Amino acid sequence: MYSSVQDLRANAPVTVSTLREMREKGEKIACLTAYDASFALAEDLAGTDVILVGDSLGMVIQGEKTTVGVSTDDIIYHTRAVAQGVHRAFIMADMPFMSYATLDLAITNATRLMQEGHANMIKLEGGEQQAEIVEYLSTRGIPVCAHVGLCPQLIHKLGGFKVQGREAAAAQQMLRDAKALTDAGADLLLVECVPAALGRELSEQSPVPVIGIGAGSAVDGQILVMHDLLNVMPGQKPRFVRDFTVDADGAAVSVQAAFAAYVAAVKAGSYPSAAEQFFAE
Ligand code: KIV
């Protein structure tokens with residue numbers, strides 16, 4: 001928790017090396033999405049280590065049903081805004097649907113996210129079939145986070161937002177995917193919606209930090225969409241979502257306090273609880 005922008009600036013910015021060191025020391029990495037400067041600053045002050053400008057913005061900002069319609073220009077616009085608010089956190093930006101369908105598209109769009117959006121790292125979805133793209137970007141100096149497990153850009157192939165890797169064969173494939181991606185140079189893995197035991201295996205196998213969302217408590221860090229922890233979206237929530245806008249006594253807290261409570265819970269290992277994890281069935 002930081003008291004002011006000056007306080008944030010007095011600290012070294014988070015880098016890929018910081019994230020690796022945190023993992024080595026066993027310090028959990030707290031990550032959140034943000035889409036504008038004000039919320040990004042509030043998250044930075046709360047001590048968030050990584051801020052993701054996710055293509056979830058298609059759903060929570062643009063009101064779409066999926067992330068498929070998000071463009072590279074959309075991500076650049078929001079990443080630039082986030083970068084204005086951030087002083088310490090590491091900024092990751094999503095490569096949207098089809099923006100990395102070829103090596104040429106991938107390098108052009110990843111470069112734009114870094115040069116025009118001021119992202120520190122890009123994130124792309126998919127398994128071992130993306131290893132060539134990861135290697136192409138990584139060997140040219142672009143830090144990459146590889147997103148495995150539930151890949152929301154594949155929603156129309158998957159037929160819905162479902163837990164992935166429950167069957168043994170699918171779990172083994174995901175372990176192979178993760179290895180191929182880190183062998184190709186991915187600096188970070190993000191794992192979405194998998195049984196907690198598979199999250200643990202992925203983390204144990206991985207040479208780089210593993211950030212989970214609905215992937216259990218044994219991974220190296222956690223990420224949530226900020227709208228979920230602020231409980232602003234109506235309707236049923238996924239099992240791993242916790243409402244941080246109320247304290248232990250049920251009293252409402254400020255947005256700033258909600259972000260701080262999330263970071264503290266991740267660092268203490270009390271988020272996610274057993275009830276907030278998926279298990280193989
Ligand atoms: O787009 C996004 O916000 C994400 C998170 C769900 C991790 O990829």
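## Briefing: ligand shell and backbone details

P272 is found in the segment after α12 (255-268); helices here are DSSP runs of H or I with at least four residues, strands are E runs of at least two, and numbering starts at the N terminus. This is a predicted model, in which local features need pLDDT of at least 70, side-chain atom pairs count only at pLDDT 80 or more, and totals for chains, interfaces and linings use all residues. Residues are numbered from 1 along each chain as its sequence is written, and side-chain values use heavy atoms, with hydrogens and water left out.

**Ligand surroundings**

- Around the ligand you will find T33, L52, G54, D55, S56, D94, K123, H147, L190, E192, I213 and V225, each with a heavy atom within 4 Å of the ligand.
- Sorted by class, this shell has 4 nonpolar, 4 polar and 4 charged residues; Ala, Val, Leu, Ile, Met, Phe, Trp, Tyr, Cys and Pro count as nonpolar, Asp, Glu, Lys and Arg as charged, and the others, Gly among them, as polar.

- S56 places a polar side-chain atom 2.5 Å from an oxygen atom of the ligand, where a polar contact is a pair of N or O atoms within 3.5 Å.
- For K123, a polar side-chain atom lies 2.8 Å from a ligand oxygen atom.
- In the side chain of D94, an N or O atom is 3.1 Å from an oxygen atom of the ligand.
- Of the 260 Å² of accessible area that the ligand has on its own, the protein covers 95% (Shrake-Rupley method, 1.4 Å probe).

**A threonine in helix α5**

- T79 is part of helix α5, which spans residues 72-85.
- T79 counts as buried because its relative accessibility is 0% (buried is under 20% relative accessible area, exposed over 50%, partly exposed in between, with a 1.4 Å probe and protein chains only).
- From T79, the side chain reaches the backbone oxygen of I75 at 2.6 Å.

**Backbone points worth a look**

- As background, most residues other than glycine have a negative phi, and most peptide bonds are trans.
- The peptide bond from Y271 to P272 is cis, with omega near 0 degrees.
- C193 has a positive phi, near 50 degrees, and is not a glycine.
- You can find C193 in the loop between β6 (188-192) and α10 (196-205), and its relative accessible area of 8% makes C193 buried.
- N231, also a residue that is not a glycine, has a positive phi of about 55 degrees.
- The loop between α11 (226-229) and α12 holds N231, which is partly exposed because its relative accessible area is 38%.

Key: A polar contact is a pair of N or O atoms within 3.5 Å; within protein, one must be able to donate a hydrogen and the other to accept it, and residues adjacent in sequence count only if both atoms are side-chain atoms.
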